[in-house]
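Me: I am new to protein structures and would like to learn how to read one. Could we go through it together, feature by feature?

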4 protein chains.
Amino acid sequence: MQIGLVGLGKMGYQLTLNLLRNNHQVVAYDVEPELVESVRKEGALPANSLEELIRKLHNKRVIWLMVPAGKIVDQVLENITPHLSAGDIIIDGGNSNFKMSIERAARLEQRGIDFLDCGTSGGISGALKGACTMVGGGKSAFEYCEAIFKDISVENGYLYCGPSGSGHFVKMVHNGIEYGMMQAIAEGFEVLEKSAFDLDLEAVAKVWNHGSVVRSWLMELTEQAFHKDAKLEQIKGIMHSSGEGKWTVESALELNVPTPVIALSLMMRYRSLQEDTFTGKVVAALRNEFGGHKVEKTKGE
Amino acid sequence: MQIGLVGLGKMGYQLTLNLLRNNHQVVAYDVEPELVESVRKEGALPANSLEELIRKLHNKRVIWLMVPAGKIVDQVLENITPHLSAGDIIIDGGNSNFKMSIERAARLEQRGIDFLDCGTSGGISGALKGACTMVGGGKSAFEYCEAIFKDISVENGYLYCGPSGSGHFVKMVHNGIEYGMMQAIAEGFEVLEKSAFDLDLEAVAKVWNHGSVVRSWLMELTEQAFHKDAKLEQIKGIMHSSGEGKWTVESALELNVPTPVIALSLMMRYRSLQEDTFTGKVVAALRNEFGGHKVEKTKGE
Amino acid sequence: MQIGLVGLGKMGYQLTLNLLRNNHQVVAYDVEPELVESVRKEGALPANSLEELIRKLHNKRVIWLMVPAGKIVDQVLENITPHLSAGDIIIDGGNSNFKMSIERAARLEQRGIDFLDCGTSGGISGALKGACTMVGGGKSAFEYCEAIFKDISVENGYLYCGPSGSGHFVKMVHNGIEYGMMQAIAEGFEVLEKSAFDLDLEAVAKVWNHGSVVRSWLMELTEQAFHKDAKLEQIKGIMHSSGEGKWTVESALELNVPTPVIALSLMMRYRSLQEDTFTGKVVAALRNEFGGHKVEKTKGE
Amino acid sequence: MQIGLVGLGKMGYQLTLNLLRNNHQVVAYDVEPELVESVRKEGALPANSLEELIRKLHNKRVIWLMVPAGKIVDQVLENITPHLSAGDIIIDGGNSNFKMSIERAARLEQRGIDFLDCGTSGGISGALKGACTMVGGGKSAFEYCEAIFKDISVENGYLYCGPSGSGHFVKMVHNGIEYGMMQAIAEGFEVLEKSAFDLDLEAVAKVWNHGSVVRSWLMELTEQAFHKDAKLEQIKGIMHSSGEGKWTVESALELNVPTPVIALSLMMRYRSLQEDTFTGKVVAALRNEFGGHKVEKTKGE
């Protein structure tokens, strides 16, 4: 098929190669001209603007957005919508909030444009070699694009989840689970690392990847990480987050579903961004007030 | 090799078949004679008592215990130790507390008997087809038995972890991680199940097993479970636990390691065993006291 | 002062008595005529409709809303706003979401109407005998009404917090803390109740109210509750929640502040509303899949 | 009464003054002679050794230990026990583990010596002006000493909890609750502090102490702390802990009681002691492995 690809960052770039390898025709655009140039060398048709991208696509256009979630998606939509025709299909392959996707689909539907929300998992290597895609939106639009989802995903690695928003919703929950699994693995290795036993953490991760209950791709990546740096001495324990974990907890709160593990995984990430905490100051101050327990003073104050 | 196997329950039975398949000679004993009889039919040498088991083993005996953790291990040790000779090796393949294993190894060492603590993961199918084994204890005893560990485990699925206790310690932490991973997966599926989208949970688990970041054996088992019962309507959400999760949290507390996710996974299991909670009664009573919020009354009281 | 009071439920009723006792003139309205009649007997001027209430108030009207948070506040505002004049002041004394209060204040400001958001704590007894009030909104409007806040509150029990929304925000966080304190107290008493010691829980709560670090109004209420029902046998442990706890967690997530204790307090409330959990079903199913651990079956299925 | 007091630290010193003020005769000993001297000036009889202390006490001695929990208690007991007579009474007023108190009581009972475990709350000011005491042990020994407990406590501030260990158990749970309440308060203030509103935190704490649901001694101390340092800028958020919180969680685990709030309060304390975390390193490494998310490097490595 022919597909327009907007956004050639880490994920979009690999996805373009993936599509080309699967013999799809890709018209590619990014705000960075050198990224356009680099996929041109790989066989993509370059576009120097969104307008050019749209012009180069024949009718019943299929445009895949792989841009950062949030306002940029809306900006791109605002820029391209006036140039599109009824029947065209936009796929948002990024990590957008599913509620936004529902709104966007409704807005575009008024112009006869289909909007598919596609959660894409598998990381950078997956984007290149075979991802896991979860798609929401109109069934017929999905079916029109099914070959794309099939080709870019590993075998059995794509799913039509249901109406608009369901693709990004399923991806959101996937990431919530991912937060929990990562935190569980990480806590376990901290217990190992702090223990009196002098354990070879790479070897432990490796043996766990062979026959244990916790064998998983994340454990394989853990093994890889320890292989590169046996005690992770070069890495700071700062855990950033992008949004899906937070949205999973928000959804859970709205649904009255207790999700202590996912919530705590997220909160420990927030905690890791703080050098000192106000919470800690209050508790330290209180211990001092009632028990005379010494507080440690901040420097220079 | 020749090996004495004590305990032919779910795990011990499969392990016996595994050993036989790998051409080891197994002398098997269980308190249930019919279990001994059934492995006899598979090629094991039957023993009708622990004494007989010991008698049937030639010198430098290797005895694998696959009995429930706790007092039973000590009872078996008390019964067999007087009949053993210096140089014999006992392997505890169950889920014993690593501190107990350290004590037992020290006690047996006084009689010249080696004690290996072997954490065994992979569930029942693993015990049969290839487990993951984590071994602690004396290095030379381990090396003497290495062929056993190698044969019963999947490729690369065994590890000498270090001195006594380290095998059960690594297995304990494995289970702590397992608790966290399971709770994360389960919370995610509850969010999916409670959502407004009408999702096919088996299909979601399946697609996540193909290319996603959370692909794992536990997710494959999740897929299987939904395949058998699409909404798990026949299963009560009661989550038992055996001990390793609790010990992991206790170890974390001793090491001052924060393990919120593992701790909460355990506590949600405890919570699942309670029909009503005293905590809830107190909070409900307090809300009634200050805000006049109605409490729901227990029946018949 | 003269004050219009809309909403004569548990809190509004007591507040009316409080205002009357402090020699304010109250024009009172509720959708339930009998509630209007009952405060009439106590000295309030009755109003049979919102229009009548507005008519009976002289210029620079002060109207206190004590209605359930959410849509009802907006409905009342829609109904009364057309009849109000620039310079009038509306006080929302309920548990509204602070973001809504900011929006409402902005909307009313366009018509020259001041909107104060007032968090009211202290429960029903506080509403009658002396509350704790936290007020946000325009400073001059606050100062115009200051006598009201002063009179209905205990000494030093009112605070001008800042611009619109700040009053309800401070009250929201107050309730988040309250959730955490209540859960902490309740967990502690569950540990006491489950322990091998046969403790007199009322006596424990009582002694803690005399000189201990945890002495507090909530502990006094705990003592009262145990005085009425020594083991709370008549109360079901179902912990409802109204919204402020959830909003506190949502605000914390937005601010990237880790609030594990408040979040867990909320989630244990949600958990208490569930007889069985899907999370538990998934974990039980997984334990069955890998370990053959028996699941408990739901009845009749 | 006459009472021997061993340990004149922060708590023991104030307690001595408290006892003297209540017209008890105190024979005081501490390893630091200047502490003995300072209470001598206040009216206590000085003892330069444990032997002297015992000698100076008339028969049916009552000896109050106010020494750090753990091994020191056992050392003191070993030193004094040989010099004591049947019928003497030892009171451990420190924060000992209740299981140790049960053991110590059993050991001393064999020599006819009574051992009372007394949890003492109220902080330093309470030790001086009126504490809250929770006492376990033999009923008759308690009754013999009741005047002491009554006098050093605020009115209604002492309780005979039951057999040996129950006093320290009740105090342990008290501290567990205290951890939860403190963390709840502290989290709330961090949300306030991080919010867009420019709130006067001392004023908020103050208003909450007047009529609100969360009014409490801890909130009064919070107010005091903000009075001294409006943003706690001089205090580092390092939250030490002594043991009772950990023991409460351990007891909860043994009793299968879910205590998420107390557990998390403790774990956030542990987290506050860590500058960087291994958990964070693992999660950061994993995010890098699958998503190419940049890790922050530690310096100089």
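**Reading the model step by step**

Reply: Gladly! Of the 204 residues in the largest nonpolar core, the ones that touch the most other members are A:W208, B:W208, C:W208 and D:W208. Keep in mind that this is a predicted model.

Me: What is the general idea behind a nonpolar core?

Reply: In soluble globular proteins, nonpolar side chains tend to gather together in buried places. In this structure there is also a second, separate core of 27 residues, and D:V62, D:C145, D:F149 and D:I152 are among its members.

Me: How many bridges join strand 1 to strand 2 of chain A?

Reply: Five bridges join them, and the two strands, at residues 2–6 and 25–29 of chain A, run parallel. For one of the partners, look at A:Q2, whose bridge partner in strand 2 of chain A is A:Q25.

Me: Is strand 6 of chain C buried or exposed?

Reply: For this we count a residue as buried when its relative accessible area is under 20%. Seven of the eight residues of strand 6 (residues 114–121) of chain C are buried, so this strand is largely enclosed by the rest of the structure.

Me: In which sense do the strands run that pair with strand 6 of chain C?

Reply: Strand 5 (residues 89–92) of chain C runs parallel to strand 6 of chain C, with four bridges between them. Here C:I89 has C:D114 as its bridge partner. Strand 7 (residues 131–136) of chain C, by contrast, runs antiparallel to strand 6 of chain C, and five bridges join the two. There, C:G119 stands opposite C:M134.

Me: How does the chain get from strand 5 of chain C to strand 6 of chain C?

Reply: Follow the path between the two strands. In chain C, it passes through helix 5 (residues 98–109), making a right-handed β-α-β crossover. You can find another example in chain B, where strand 7 (residues 131–136) and strand 8 (residues 153–162) pair in the parallel sense over five bridges. B:V135 has B:Y160 as its bridge partner. Helix 7 (residues 139–152) of chain B links these strands, and this crossover is right-handed too.

Me: Next, the backbone angles. Which residues have a positive phi although they are not glycines?

Reply: A:K60 is one of them, with a phi of about 50°. A:K60 is found in the loop between helix 3 (50–56) and strand 4 (62–65) of chain A, and it is partly exposed, with a relative accessible area of 33%. Another is A:L232, whose phi is about 55°. A:L232 has its place in the loop between helix 10 (217–228) and helix 11 (244–254) of chain A, and it is buried, with a relative accessible area of 2%.

Me: How are chain C and chain D related?

Reply: Chain C is superposed on chain D by a rotation of 180° with 0.0 Å of shift along its axis, and the RMSD is 0.1 Å. The two copies are thus related as by a two-fold rotation axis. C:S216 is the residue of chain C that comes closest to the axis, at 1.9 Å for its C-alpha. Both copies use the same surface: 100% of the contact residues of chain C recur in chain D.

Me: And what does a record say about chain A?

Reply: UniProt, in an unreviewed entry, places the feature "domain: 6-phosphogluconate dehydrogenase C-terminal" at residues 167–298 of chain A. In the model, this span is 65% helix and 0% strand, and its end C-alpha atoms lie 48 Å apart.

Definitions and conventions: Residues are numbered from 1 along each chain as its sequence is written. Chains are lettered from A and ligands numbered from 1 in the order in which they are written. This is a predicted model: local features need pLDDT of at least 70, side-chain atom pairs count only at pLDDT 80 or more; totals for chains, interfaces and linings use all residues. Side-chain values use heavy atoms; hydrogens and water are left out. Copies are superposed by least squares on the C-alpha atoms of residues with pLDDT of at least 70 in both. Contact means heavy atoms within 4.5 Å. A nonpolar core is a set of buried Ala, Val, Leu, Ile, Met, Phe, Trp, Tyr and Cys residues joined through side-chain atoms within 4.5 Å. Buried means under 20% relative accessible area, exposed over 50%, partly exposed in between (1.4 Å probe, protein chains only). Two strands pair if DSSP finds at least two bridges between them. A crossover is right-handed if, with the strands pointing away from the viewer, the path from the first strand over the helix to the second runs clockwise. UniProt positions are given in the numbering used here, feature names are shortened, and annotations may be inferred rather than shown by experiment.
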